[in-house]
Amino acid sequence: MPSFFSNQRLIVLLVCLVLLVALVGYSMSDRENTTLPEQLVTDTVGAVQSAFSRPAHFAAGLFEDIRDIRNVYEENRALKSQLDEYASLQVEVSELRRRNEELEGSVELQDDLYDYSIRTALVIQRSPDRWNEQVGINKGAQDGIEENMAVVTSKGLIGKINRVSQFSSTVQLLSDQSATNRISAMVSGEEETVYGFIEGTDHESGALRFAKIDIDASFEPGDTVSTSGLGGVFPRGLVVGEVIAVENDEYGLTQTALVEPSANFYHIDYVQVVERGAPELEEAGEEE
């Protein structure tokens, strides 16, 4: 019996092999039409492949989209960082451009004041509570700076030296309201020269006050005010500003003018300290 069953399994195996070979041979033969079982098998396999391929493609696309979003996020961060650097660079360029123009103006001013000795200094200190009164510069007695020397920018006069240390000094601005802050000034007209004093600023307009002017003096808004040199401290001809209004004092004895300063007292980075003492000015001083 065992031998019989063993032979039966062998026979079944042989039959299966014959059928398989027959099916392979039949499937490899040139045929234009497929049989119904073949179509059934093909459709079934296609449906199964479609069922698995769609989720696979969806998952692959999802991961690719996530990777793209992450790349866009990183690129956005890099661009924002570059924009911040660009904004900082713009501010730096603007500041350097402004300082360059200021220094170029200083060179031109030095040409105009060739009779005088000029020392360029850097503003190193400005206290918020005394913003309109004084600034500190990085030049002192070791650099030849002395009290009462005129201080200008490329635009015009801003004040004078009032304290000197060995390596730094303090500049008293024209806008300081101290009673001792007076500067002899003038308006040079075609027919006459009008003299007076710069005495602080007007509380309402913020303009400089050009006071103690002779009541009969003739000048008008638009005229240029400069130092007269009559005070024996400043050189003559340093530009102070432009007359914007003229009025008589309360007693009608003198005139007072409001002067728009030529220099910008708010933005001061570099200044020039003017030393009076050239031979031509010494002669002028003797005339004064």
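Here is a walk through the pockets, salt bridges and strand pairings of this structure.

Keep in mind that this is a predicted model, where local features need pLDDT of at least 70, side-chain atom pairs count only at pLDDT 80 or more, and totals for chains, interfaces and linings use all residues. Residues are numbered from 1 along each chain as its sequence is written, and side-chain values use heavy atoms, with hydrogens and water left out.

Let's start with the empty space. Rolling a probe the size of a water molecule over the atoms shows where such space is left. A pocket here is an open set of points on a 1 Å grid over the protein atoms alone where a 1.4 Å probe fits, with protein on both sides within 12 Å along at least five of seven lines; lining residues have an atom within 4 Å of a point. The largest pocket has a volume of about 230 Å³, a volume being the space filled by probe spheres set on the points, which are joined across faces, edges and corners. Its lining is made up of Arg98, Glu101, Glu102, Gly105, Thr153, Ser154, Lys155, Ala263, Asn264 and His267. Domain 1 (47-107) and domain 2 (116-273) each give at least three residues to that lining, the bounds coming from an automatic or database domain assignment. By class, the lining has one nonpolar, five polar and four charged residues. For these classes, Ala, Val, Leu, Ile, Met, Phe, Trp, Tyr, Cys and Pro count as nonpolar, Asp, Glu, Lys and Arg as charged, and the others, Gly among them, as polar.

The second largest pocket has a volume of about 160 Å³. Around it you'll find Ser188, Gly189, Glu190, Glu191, Glu192, Ser218, Phe219, Glu220 and Asp223. That lining counts one nonpolar, three polar and five charged residues.

Now for the charged pairs. The structure holds four salt bridges, each a side-chain nitrogen of Lys or Arg within 4 Å of a carboxyl oxygen of Asp or Glu. In one of them, Arg119 pairs with Glu275, with the closest N and O atoms 2.8 Å apart. Arg119 sits in strand E1 (residues 117-125) and Glu275 in strand E12 (residues 270-275), so this pair ties together parts 156 residues apart in sequence. Strands are DSSP runs of at least two residues, numbered from the N terminus. Arg119 is partly exposed at 21% relative accessibility, and Glu275 is partly exposed at 24% (buried means under 20%, exposed over 50%, partly exposed in between, with a 1.4 Å probe and protein chains only).

Next comes Glu199, which meets Arg209 in a salt bridge at 3.8 Å, N to O. Glu199 belongs to strand E7 (residues 193-201) and Arg209 to strand E8 (residues 208-214), so the pair links parts 10 residues apart in sequence. Glu199 is buried at 17%, while Arg209 is partly exposed at 27%. Glu199 also bridges to Lys212, where the closest N and O atoms are 3.5 Å apart. Through shared partners, salt bridges join Arg182, Glu199, Arg209 and Lys212 into one network.

Finally, the strands. Strand E3 (residues 150-152) runs antiparallel to strand E4 (residues 157-164), with three bridges between them; two strands pair if DSSP finds at least two bridges. Val152 has Leu157 of E4 as its bridge partner, and a hairpin of four residues joins E3 to E4. E4 is also joined to strand E5 (residues 169-173) by five bridges, again antiparallel. There, Gly159 is partnered with Leu173 in E5, and a hairpin joins E4 to E5 through four residues.
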